[in-house]
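Morning, everyone. I have one model to walk you through today. Let me put it on the screen.

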Amino acid sequence: MTREEVFERLTEVFRNVFDDDSIELLETTTSKDIEDWDSFEHINLIVAVEKEFSIKIPMGKVTTMKDVGEMADIILQESVSS
Amino acid sequence: MEELKYPFNSDNLIRRKKQLKKLLLKKTDLTPLKIAILGGATTNDIMKMMELFLLDQGIRPEFYESEYNRFYEDAMFPNPELEAFKPDIIFICTFNKNIRRYPDISDTPEIVEEKLENEYLRFENMWKRISSVYKCPVIQNNFEYPYYRLLGNKDASDPRGRVNFISRLNMRFNSYADSTDNFYINDINYISASYGLKEWSDPFYWHMYKYALAVPAIPDFSFNVSNIIKSLMGKNKKVLMLDMDNTLWGGVIGDDGPDNIETGQETPIGQTYSEFQTYIRALGQLGVLLTLNSKNDEETALAGLKRDDSVLKPEDFIYKKINWLPKSENLINTAKELNLLPESFVFVDDNPAEREIVRSNVPGTAVPEIGDRPENYIGIIDKSGFFEATNLSKDDMTRNEMYKANAKRLESLNTFTDYGEYLRSLEMKGEIQEFIPAYMSRISQLTNKSNQFNLTTRRYTQSEIEKVAATGEYITLYGRLTDKFGDNGVVSVVIGHVTGDECHIDLWIMSCRVLKRDMEFAMMDELVKKCAERKIKTIIGYYYPTAKNAMVKEFYALQGFEKISEDEGGNTVWHFDINENYVNKNRYIDICNGV
């Protein structure tokens, strides 16, 4: 899986979770850039991402993730290790 | 919405929750309902997922959500916010994480008992306070099993084991529920097992977000509790309509012949169908009306049910549409004959094409995706919660008998040329009185179930009914009708509130199975009598149109009321002056009260 593919699939997940088809993800996108991205929606987002990529993100990484770029890094790492 | 029907795709629901909610909010004719969730853990997504399932059932919930883990304080102490919210239902959403003191391995048996008693009483005190302050139904989670067992298998048998402790606590909850009206257990002990306790209790979600269950399990959880709620709101299905070939037995009876279809104990497939038939028969005993809808020659098809080893017999079914008409048409006709709406039906057919025909031609009918493997039929119908039994009244148990009696009445009607003669031949006896304790549950059930013969479509919980009955400002009447074919049970309810010398009718409903039997007139006669006793001079009636109650648009005109106003929404107000010359309108029912 390339980083581009990860971003493509992530964009789809974000658009579904926040019900907003105009979302375009950048490496630097954070919760501040998406209006509905609060702590409750973050939980759903993580679950949806995990299901999309068939991975389980470890606790430590869920808490330290800073932006979508880091999320993509984690997805790539976890997909390899699983 | 198909996405929300069992078996749903939970991942999809979590991911598309917002979009689905937006679509569901476009539905019209939604019943508002205020639900307070008093939680012992994070409940945000539980609430949002419940909202989806309830909207799908035609209920628009408004929520009060307690602060994190404040369920006990919210229930036990004066709470102006919750009191102002006036909940219709309180849902205590607690988990085994909320048990404060488990037994220690060093505890004596006496100490273990004391701990059990203390945990239990903490909950019972809450339930009692809620029932006296909020007077609304309570739904309480029981406890899921712990995700580890310190004593291994002995955890179940040793009183100091947590498995043992939780099992006993759950039994105490059950006893309370079994002996208390308006109190319902949300059985998460079963649902967590069914989901898979290991995945359900993934500690990740507790430590990360303080969810006491895995987030992916929330749709299963919320679906289960929303089934209790929709059942309390009278939105259960009433009729199970079944195909025959490859649904009730294996094979095609027209081709294979009655001796060669698979049913009975001879083959694994036969046994599977027999088990399914046993399940259906049990649903019939619970009051689900059983009907057939099959493309077959009637005599040939019924031979399948006449086999000695067939669990179901032809007489178990009230209506049998065995013909070559489109199944959607058969369903609509059966609905008319039963005086029920197609949305009360569950249609079960192994053939996806037939399912699609019914689904697209009779919107509102439940058409479960049962697949084509008979071993899965029971599981899918059962988990769908169509017939969730919250209050089992005596009427439920005898409903099939009542409808069969109705079919006999129809038969006998055909032998009369004069309808009045027919009514006289029924030898009807009515009992029309103020509400009495024995019928509170049935009365509330009827207010929630009646859609067609319902002037105002006001819904009442059992506790509201009890409240109305206890205060002097109301005139209440229930009507029970018996005839030579059987007891119809409580079939009509009127509630009016008295102000000065006027009685305003808040509710007038009647079960459609006793239409055109003079019961509506008998109720009017009795209402007039009760009003006269209280020196009431005027009765004011209201009609509020809905998508379903057009049949009673002119009801008050029929009863001799005068229309005094009508607004642009079609809401009408009617006026009836009581005078001494009132002549009873009921001609055929013998009213014998004080039974």
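Which residue of S17(B) does B:Lys429 stand opposite? The answer is B:Asp590. Keep in mind that this is a predicted model.

B:Lys429 belongs to strand S10 of chain B, residues 429-433. S10(B) pairs with strand S17, residues 590-591, in the parallel sense, over two bridges. S10(B) also pairs with strand S11, residues 474-483 of chain B. That pairing is antiparallel and runs over five bridges.

Now the side chains of S10(B). They alternate. B:Gly430 and B:Ile432 point to one face and are buried.

Next, the domains. Chain B is assigned domain 1 (2-232), domain 2 (239-383) and domain 3 (417-591). Between domain 1 and domain 2 of chain B, the C-alpha centres are 35 Å apart.

On to the open sheet of five strands. The order in chain B is S2-S1-S3-S4-S5, with parallel pairing. At the edges sit S2 (59-65) and S5 (183-186) of chain B, each pairing on one side only. From one strand to the next, the twist averages 25 degrees.

Look inside that sheet. S1 (31-39) and S3 (89-93) of chain B are parallel partners over five bridges. There, B:Gly39 bridges to B:Cys93 in S3(B). Helix H12 (218-232) of chain B packs on the sheet and touches S2, S3, S4 and S5. The direction of H12(B) makes about 155 degrees with that of S5(B). Helix H6 (109-133) of chain B lies across S3, S4 and S5, at about 165 degrees to S4(B).

Now a helix pair. The axes of H2(B) and H3(B) come within 10 Å and cross at roughly 30 degrees. The crossing is left-handed. H2(B) contributes B:Lys17, B:Leu20, B:Lys21 and B:Leu24 to the contact. From H3(B) come B:Lys48, B:Glu51, B:Leu52, B:Leu55 and B:Asp56. By class, that is four nonpolar, no polar and five charged residues.

Last, the interface. How many residues of chain B are in contact with chain A? There are 16, against 13 residues of chain A. On the chain B side, the elements giving two or more residues are helices H1 (10-15), H2 (17-24), H3 (44-56) and H11 (203-209). That side has six nonpolar, three polar and seven charged residues.

Methods: Residues are numbered from 1 along each chain as its sequence is written. Chains are lettered from A and ligands numbered from 1 in the order in which they are written. This is a predicted model: local features need pLDDT of at least 70, side-chain atom pairs count only at pLDDT 80 or more; totals for chains, interfaces and linings use all residues. Two residues are in contact if their C-beta atoms, placed from the backbone, lie within 7 Å. Helices (H or I, at least four residues) and strands (E, at least two) are DSSP runs, numbered from the N terminus. Ala, Val, Leu, Ile, Met, Phe, Trp, Tyr, Cys and Pro count as nonpolar, Asp, Glu, Lys and Arg as charged, and the others, Gly among them, as polar. A residue is buried if 20 or more other C-beta atoms lie within 10 Å of its own, exposed if 12 or fewer, and partly exposed in between; C-beta atoms are placed from the backbone. Two strands pair if DSSP finds at least two bridges between them. Domain bounds come from an automatic or database domain assignment. Axes are lines fitted to C-alpha atoms, for helices over the stretch in contact, and angles run from 0 to 180 degrees between N-to-C directions. A crossing is left-handed if the near helix is turned anticlockwise from the far one by less than a right angle, and right-handed if clockwise.
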